[in-house]
Amino acid sequence: MDRKITKGLALFVAAATVAVVPAVNGASAASGAGPAATAGITWKPCGTPDPHGVDAECGLLDVPLDYRRPNGRKIQIAVSRIRATVAAEDYQGVIISLPGGPGNSGLCTSAAVCVPAAVRGAYDWIGFDPRGVGSSVPALSCDSDYLDGPRPEYVPGSRNIERTWLRRSKEYADACRAAGGDLLDHMTTLDTVRDVESIRKALGVGRVNLYGISYGTYIGQVYGTVYPETVRRMVLDSNIDPRKVWYQAALDQDVNFERSLRMWFAWVAKYDGVYHLGKTADQVRQRWYATQGRLRTAPAGGVVGPAEFTDIFVYAGYFQAIWPTLAELFVSAVDDPDAELMVAAYESSFRPADDNVFAVFNAVQCTDTRWPRSWPTWRRDNWRTFRGAPFATWYNAWNNAPCLFWPGKVSQPVQVDGSKVSSVLFVGGTLDAATPFEGSLEARRRFPNGALLAEVGQTTHVLSFSGNPCVTGVIADYLATGRLPARKPGNRPDATCDTLPPPDPTAASPRIDSGAVRVPGYAVRR
């Protein structure tokens, strides 16, 4: 975070850094205090300077491309570790971070960013890039130009727009067929779960701790189903609903992002004295859509059209800490004919995830389970959802549309059953849009030895990043002692935290100097 940012975003970064979880990617380690065996991984310095002097190590682990053929072709999983520093009697073991996405990197090469001070020394923190991602070999990339703007607007107001997006989606799937080959048949969540188990074996430990965020919670749920006897403790923050992978999950997101965006509109209206965008949420909303419509014929900077405008403001549904930043970018789009600030911010931080992330996002979701292969089904369901949730519905639909044509072999999703897992702490915000709270309730129901901590009224996605001391305190206590909140009868939270208030742009000047804005370092998928 070496660029100038708003106060709200700076607060987000501070919260992410001190949270009781690897803040942006995964974390890592295999300690001098604990087991040293890491057969199959040759460790070397990652090469990233750490201000705290904690040296991270990186390596590659050979795993089968196809676990049904363990002696066949191998691929490599990039792994990182940051060793525990406590005495042997205080050592808590290995903890593997399960990154979000699908498609996000999980390597961690700096303890200052990834490993919280509160529990840094007690665990060996292990991070990894899932198969196909980042530094793992091979890394999947299909079309490096696919996400460049301006792209067609998301809402298919004409059959021409619809046909254009369908053609683009098919061409992307075809490009992935050419680029991915046999890898595409082995990119499911279950494949990643087996890779996690391979990492555990390579580290030479009998039981492992897991820390999953967003999509990583689904990896954790499936791991706990397949390998329950190896789970010691598990924190799953912002949970995927295992009943809804993945088509229905996207439709549910649409409804919840609409609620979050309307909350942001109301927040902007509350501070009309700062932003002058409207005194009511409805006025702000009308101005937002009018501004988006203007970009249809004149994309800002030749780059930001209606689709890219949506890409920027979808962050309002992920992180309250950057609400002031987004309001400033909205002001730029309204007041500046060239919207230079918004364009620069889009180019530096808000454009969609790179092609590797997008390719893996589709490779996992399109083969975890069968998606509808009938476009009329997609059209009907998305227009029905759009009527009540116009903001994100078609954004989500076209991001997922390569699944209509995906060449990889489709599997059956694992039926999540956590009845044999001895301990898990679920965490969720009751107004989370990306992973609606019903997912945390359903995950809790399937893990009878777990407990659910809820932050009531929170829209921010992944509460480990929120900076709420109530939330991070419960997580830290669980990691230190194994103590869970007492489980309550029925399917409801077992403990709650009051939400932090939204940012106040009147507390200090929210103005930003340029488009050099930074947003959270993982792709905003799940």
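**Exercise 1.** Work out how helix 9 passes helix 11.

Solution. Helix 9 crosses helix 11 in a left-handed way, that is, the near helix is turned anticlockwise from the far one by less than a right angle. Before going on, note that this is a predicted model, where local features need pLDDT of at least 70, side-chain atom pairs count only at pLDDT 80 or more, and totals for chains, interfaces and linings use all residues. Residues are numbered from 1 along each chain as its sequence is written, and side-chain values use heavy atoms, with hydrogens and water left out.

Next, the angle: helix 9 (residues 306-313) and helix 11 (residues 340-350) pack at about 65°, axes 11 Å apart. That makes helix 9 roughly perpendicular to helix 11 (65 to 115 degrees).

**Exercise 2.** Which residues of helix 9 and helix 11 meet?

Solution. From helix 9, take E308, F309, D311 and I312; from helix 11, M342, Y346 and F350. Contact here means heavy atoms within 4.5 Å. Sorting the residues of this contact gives 5 nonpolar, no polar and 2 charged.

**Exercise 3.** Which residues of helix 11 are buried, and what do they pack against?

Solution. Start with the list: L341, M342, V343, A345, Y346, S349 and F350 are buried (under 20% relative accessible area, 1.4 Å probe, protein chains only). Now look for partners: the buried residues of helix 11 pack against helix 9 and helix 10 (323-335).

Conventions: Axes fitted to C-alpha atoms, helices over the stretch in contact; angles between N-to-C directions. Helix = DSSP H or I, 4+ residues; strand = E, 2+ residues; numbered from the N terminus. Parallel < 35°, antiparallel > 145°, perpendicular 65-115°, else oblique. Nonpolar A, V, L, I, M, F, W, Y, C, P; charged D, E, K, R; others polar. Buried < 20%, exposed > 50% of the residue type's maximum accessible area, 1.4 Å probe, protein only.
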